[in-house]
Amino acid sequence: MFYQVSNLFTFAPMNQDDLFKKVIAHAKEYGFIFPSSEIYDGMAAIYDYGQNGAELKKNIRDYWWKAMVQMHENIVGIDAAIFMHPTTWKASGHVDAFNDPLIDNKDSKKRYRADVLLEDYAEKLRQKADKEISKAAKRFGESFDEQMYRETNPRVKGYLEEANATLQRMAQSLDKGDLEDVKALIEEKGIADPVSGSKNWTEVRQFNLMFGTRMGSVAEGSSEVYLRPETAQGIFVNFLNVQKTGRMKVPFGIAQTGKAFRNEIVARQFIFRMREFEQMEMQFFVRPGEEMKWYEYWKEQRLKWHKALGLDEKYYRFHDHEKLAHYANAAADIEFDFPFGFKELEGIHSRTDYDLKRHEEYSGKKLQYFDPEIDESYVPYVVETSIGLDRMFLAILSAAYKEEKLDDGSERTVLQIPPALAPVKVAVLPLLKKDGLPEIAREILADLQMDFPCQYDEKDAIGKRYRRHDAIGTPLCITVDHDTKNDQSVTVRFRDSMQQQRLPIKELAGLLRKDLEMSTLLQKLK
Ligand code: GAP
């Protein structure tokens with residue numbers, strides 16, 4: 001039986017800056033994310049995951065691992081060490097080329113990435129063009145032809161051309177290592193320090209992003225090692241170990257999740273850009289010449305993985321790279337519409353045979369595969385999928401956060417986290433703390449908690465308890481009341497609709513399995 005409660009609600013409109021601030025505050029208040037070492041005032045771009053955050057993060061990681069490893073016969077997972085032989089990073093190019101161009105403001109003493117200042121400048125021009133276009137769309141109504149307007153309206157054309165020309169010149173100068181021109185460009189465009197408004201800039205310098213440390217005691221002669229800046233290299237150096245011991249046949253993939261470290265200079269936007277973060281990467285080894293087919297395949301598969309979560313399609317878009325890294329012959333990002341705009345969430349890269357060849361060269365060991373089908377040995381080409389777990393977490397959290405005004409005038413904050421990823425799946429709530437209701441509730445809890453993360457909660461009025469669970473995204477609340485004693489049924493309350501349904505206790509496990517298990521999500525990938 002359904003009980004219809006006063007659940008007609010409207011979404012309160014919220015501007016994106018406000019949304020972002022609220023998401024950050026909510027993440028802290030409800031045990032998702034804390035600034036690291038907060039009692040010592042924290043550290044920039046380093047965060048700790050609290051009790052609910054750790055569960056959500058684990059569930060996202062599981063969803064990725066199951067989709068990539070468990071659901072593909074030809075993909076296996078590994079767990080390589082964070083420290084790697086220092087030559088790894090020479091071979092991969094990170095020692096020489098993993099740099100950001102930095103510029104300091106002499107007045108504010110603040111440090112910026114020169115490329116980010118220029119990209120922000122270009123983005124503002126694009127936003128101006130978009131504003132003009134939406135004004136015109138309103139003015140002209142149905143007859144409006146956006147493409148034509150973009151190509152012919154002088155103001156819009158001017159904004160877009162200037163944005164493109166700025167980015168092109170920046171890319172060319174960075175490619176050539178002409179840092180003087182990057183500075184000249186910043187000055188020509190009149191770009192000011194976003195904090196102080198000053199245009200008094202230093203020269204642009206390159207800054208390596210790897211964290212170095214020393215291994216071994218000083219007396220023995222210690223050597224410099226790096227904290228890995230990506231997990232991918234742990235896969236490349238193990239390519240033959242896995243291929244041989246797993247009897248893998250090309251095409252096959254090796255997946256890995258784990259921490260990566262980058263000394264990011266522009267440390268803002270919460271967990272979007274961190275100095276210690278987690279990656280989920282998969283390298284797919286293919287026959288040379290077949291890489292573009294697999295590149296397209298993985299672009300499609302990865303977008304499908306995101307969309308299976310059921311967030312609005314408008315959150316995603318592809319951004320194909322025009323300017324490619326020296327080792328790539330194709331690359332695209334899946335961008336997500338974060339509260340601060342569309343930004344990279346995941347990269348899909350066709351990396352050619354660059355990495356394996358470089359490791360052959362630096363190690364002196366052959367990293368080749370004998371392909372029995374064509375009776376030939378070769379260094380496989382690689383298509384990589386690489387996603388930041390923390391970025392994925394932020395994407396889910398910011399899309400899930402909703403403030404709703406209910407019909408009865410009250411308000412609620414709810415996290416509409418995809419049910420299979422929710423940190424707590426079920427809350428079991430005795431209506432009162434007496435009359436034997438807690439005992440029945442605990443029995444139900446004991447049955448369910450073997451399969452699902454559940455919470456027992458008997459404090460405060462039932463409405464308050466529902467709100468508490470809305471705020472951490474618990475999809476279902478089960479309430480035990482006096483009728484339960486007679487009819488062995490409970491009230492199940494659904495987070496998003498707030499509808500309530502009376503259900504026999506013995507049917508609970510079936511309902512939960514249908515709605516909350518990861519397999520429901522994985523089914524959509526088939
Ligand atoms: N192996 C390829 C690679 O590392 P990347 O584009 O530098 O490529 C891949 O990083 C993904 O890792 C990005 O799409 C992003 O989701 C995540 N990522 C990169 N830097 C990050 C940072 N500082 N903080 C959080 N996530 C980051």
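Predicted model: local features only at pLDDT ≥ 70, side-chain atom pairs only at ≥ 80, totals over all residues.
Does D375 count as buried, partly exposed or exposed, or, put another way, what does a relative accessibility of 59% make of D375? At 59% relative accessibility, D375 counts as exposed, because the cut-off for that class is over 50%.

## The ligand and its surroundings

The ligand is surrounded by 21 residues, and the closest of them are E230, R262, M274, E281 and E344. Sorted by class, this shell consists of 10 charged, six nonpolar and five polar residues. Three strands, β12 (276-286), β15 (341-352) and β18 (381-388), each supply at least two residues of the shell, and β15 gives the most, with six residues.

A polar side-chain atom of E344 is 2.5 Å from an oxygen atom of the ligand, while a polar backbone atom of L345 is 2.9 Å from an oxygen atom of the ligand. On the side chain of E384, an N or O atom lies 2.9 Å from a nitrogen atom of the ligand. Of the 560 Å² of accessible area that the ligand has on its own, the protein covers 91%.

Helix α7 has 23 residues and spans 32 Å from its first C-alpha to its last, which is close to the 33 Å expected at 1.5 Å a residue. At the start of this helix, a side-chain oxygen of N153 comes to within 3.0 Å of the backbone nitrogen of R155. The buried residues of α7 are V156, L160, A163, T166, M170, A171 and S173, and what covers them includes α5, α6 (146-152) and α8. Just after α7 comes G177, which takes a positive phi of about 75 degrees.

In helix α8, which runs over residues 179-188, the buried residues are L179, D181, V182, K183, L185 and I186.

The loop between α8 and β8 holds S198. With a relative accessible area of 10%, S198 is buried, because that class takes in values under 20%. Leaving aside residues up to four places away in sequence, S198 touches N105, D107, A192 and D193. A polar atom of its side chain also lies 3.1 Å from the backbone nitrogen of N200.

## Backbone exceptions in the loops

Most residues other than glycine have a negative phi, and most peptide bonds are trans.

The peptide bond that joins V250 and P251 is cis, with omega at about 5 degrees, and P251 is found in the loop between α10 (239-245) and β11 (252-261).

Notes: Residues numbered from 1 in each chain as written. Heavy atoms only, no water. Buried < 20%, exposed > 50% of the residue type's maximum accessible area, 1.4 Å probe, protein only. Helix = DSSP H or I, 4+ residues; strand = E, 2+ residues; numbered from the N terminus. Expected span 1.5 Å × (residues − 1). Contact = heavy atoms within 4.5 Å. Polar contact = N/O pair within 3.5 Å; in protein donor to acceptor, adjacent residues only side chain to side chain. Near = heavy atom within 4 Å. Areas by Shrake-Rupley, 256 points an atom, 1.4 Å probe, with all protein chains shown as cover. Nonpolar A, V, L, I, M, F, W, Y, C, P; charged D, E, K, R; others polar.
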